[in-house]
Amino acid sequence: MKSTDVRKPYTGHARALVIALDVGTTFSGVSYAILEPGEIPKIHSVTRFPSQEHVAGNSKIPSILYYDRNGRVMAAGAEADNASVTSQAEDEYWIKAELFKLRLRPKTMKLDMNGMRFSPLPPHKTAVDVFALWEAVEPTIEFVLSHPNGWEGAQQTKMRTFVTEGEASLHACIQSGLAADNPSRHGFLVADAGGGTLDISSYAVRDTNPLVIEEVAPPDCIFAGSVFVSRRAREFFADKLKNSKYGSTDNIDHITKRFDETTKRLFREKNDIQWVPFGSPLDKDNAVGIRSGSLKLTGAEVAELFEPSIQAAVASIKAQVVASQGMIKSVWLVGGFAASPWLFSQLQERLASLKITISRPDNQTSKAVADGALGFYCDHHVSARVSKFMYGVEYLREYDPNDPEHLARKERLCELPSGPRLLPDAFDCILARGVKVKESTVFTRKYCTELTNLSTLSVFEVEIWCYRGGNTIPPWILRHAEEYSTLCVVRADLSPLSGSAEPKAGRNGKTYWTIVFSVEIHFGLTEFKARIKWNDNVCALIALLLISN
């Protein structure tokens, strides 16, 4: 069953263009669909890019840009990888921007660069500036932007839709017909192995007519992509060649690039000698294994460069199997790194004991995210998702003088106008980790606060907290611990309540007002949403939402 077999005709009233952008860590791709009213949408990949016209059918371009010293973009994509442009960039001191996607990761996601550092961005430019490709395009075009499973807080605007790379990859697999081969009683896992991240998502087919799929475990995102194999290779080459005439920075960069283009892509056998072709037949240094312009490596040395990424992938997949309670019986491997014969064979070998089948689509796995993002836009097969973390708010807990934890926090005691003594920083969970959430499900908790000045209602704020420390609800918010972070802030103007709020006399004779409101969390869509809801004794009102990281 291919996606086109279940895809419904476009129900819009006018022709529309939808473009999916997969801006990857190392390579990027674009897919598009022209939506005609009453017609079944067809997805097309862009296969020709500037400076890449001679390579027919290539659906990926390098995620590289060159800026001049004034911050203007001088070359991008395949243009930036051109030898003449590289030479000009060197002569004119242009600044090269690469791996900028990894700069957008949440602060809570730790990144081990294996001793390497990011190259600096152009002056007065942030990673967001480099990403801002659509500011001047036609406003009637709908964009679908993909992001790793672990990225958080992406803001949806009127003309942009966001989807996780894991879910986009799922839709790409459906378009390849893989859903037809999966029994509904079994779960399956989609592993998008890209340049920077490995995005892992687990699903099960709940119905086939129409096709309905549910997430069965919290998705995962790990830094185990192909770029880290290259980073480890560069460090290895620098150490191996440090006493050779080929040990200069330029030579190491060139040999690493040739490793990326040849050895890394083709490596499949640990017991075979491997060669990195990088120079001419005259290049020779027997002491370090350079013969006829090629660097000699053992298969074991190359395998060791892959090993941390493979171990991380296996560990993450096994964790998903446990989280899904053993439902996972097959893994669909997609993404540019999925083309690696060594990665594929090692996953097959190391997961064999779990009786898990590893598969790859027959078509290009590297363009799965861009195609799948449009599949998500058109088909929307996933009906339920699993919460990855725990979400809640801070509240004031009543002070108990017999509780040692309360005594340790005694210096932070506060007192409400009505009298109770309370402690701040208590955590109230609204949505727990690992909960299956339908798109229409709303998680609500009711709260109240006491105010001595109604003018503060015009700028009422509630922080939504995210806890990443496990499944047990923590009693307190530890503001400086890495497991806790403010996911977003919901701001509302509650001044309409000032007319209906009844004044009360406090313990000290001061007047106060009690305000009752609810906090709602919508998690079933690919983007997290939160809002404040209150009642003015006439009708329910919903706050204007503002999410900010």
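These legends accompany several close-up views of one predicted protein model.

View 1. The protein averages a pLDDT of 83, and 86% of the residues score at least 70. Where is confidence highest, and where is it lowest? The highest mean, 96, belongs to strand β15, residues 294-297. The lowest mean, 37, belongs to strand β29, residues 540-542.

**View 2. Two stretches to read with care.** Over residues 154-159, pLDDT stays under 50. The model has 14 contacts beyond four places in sequence for residues 154-159. Residues 538-549 also have a pLDDT that stays under 50, and for them the model has 39 contacts beyond four places in sequence. Where pLDDT is low, the predicted coordinates should not be read in detail.

**View 3. Strand β11 and its two partners.** Here you can follow β11, which spans residues 198-208. Is β11 mostly covered or mostly uncovered? It is mostly covered, with eight of its 11 residues buried. Strand β10, residues 187-193, runs antiparallel to β11, and seven bridges join the two. One place to look is leucine 189, whose bridge partner in β11 is serine 202. A hairpin of four residues leads from β10 to β11. Strand β12, residues 211-222, is also antiparallel to β11, this time with nine bridges. Look for aspartate 207, whose bridge partner in β12 is valine 212. The hairpin that joins β11 to β12 passes through two residues.

View 4. Two bridges link β14 to β15, where arginine 291 stands opposite serine 294. The hairpin between β14 and β15 has two residues between the strands. In that turn, serine 292 has a positive phi of about 50°.

**View 5. The largest nonpolar core.** In soluble globular proteins, nonpolar side chains tend to be buried together. This view shows such a group. Which of the 45 residues in the largest nonpolar core touch the most other members? They are Phe237 and Leu295. Helix α7, residues 299-323, gives this core its largest share, nine residues. Another core lies apart from it and has 32 residues, among them Cys488, Leu497, Ile521 and Phe523.

**View 6. The surroundings of leucine 295.** Now zoom in on leucine 295 itself. Leaving out residues up to four places away in sequence, leucine 295 touches Phe237, Lys240, Leu241, Ile255, Gln274, Trp275, Val276, Phe278, Val288, Gly289 and Ile290.

View 7. Rolling a probe the size of a water molecule over the atoms shows where empty space is left. How many cavities of 30 Å³ or more does the structure hold? It holds one. The largest cavity has a volume of about 60 Å³. Its lining includes Ala191, Ala193, Leu198, Ala224, Gly225 and Ser309. At least two lining residues each come from β10, α7 and α8 (341-350). Helix α7 supplies the largest share of this lining, three residues.

View 8. Leucine 487 sits in strand β25, residues 484-492. Why does leucine 487 count as buried? Its relative accessibility is 7%, so leucine 487 counts as buried, the cut-off being under 20%. Leucine 487 and tyrosine 391 are 96 residues apart along the chain, yet their C-alpha atoms are separated by 8.5 Å.

Terms used: Residues numbered from 1 in each chain as written. Predicted model: local features only at pLDDT ≥ 70, side-chain atom pairs only at ≥ 80, totals over all residues. Heavy atoms only, no water. pLDDT = per-residue confidence, 0-100. Contact = heavy atoms within 4.5 Å. Buried < 20%, exposed > 50% of the residue type's maximum accessible area, 1.4 Å probe, protein only. Pairing = 2+ DSSP bridges. Core = buried A, V, L, I, M, F, W, Y, C linked by side-chain atoms within 4.5 Å. 1 Å grid on protein atoms, 1.4 Å probe; cavity = no way out; pocket = protein on both sides within 12 Å on 5 of 7 lines; lining within 4 Å. Points joined across faces, edges and corners; volume = space filled by probe spheres on them.
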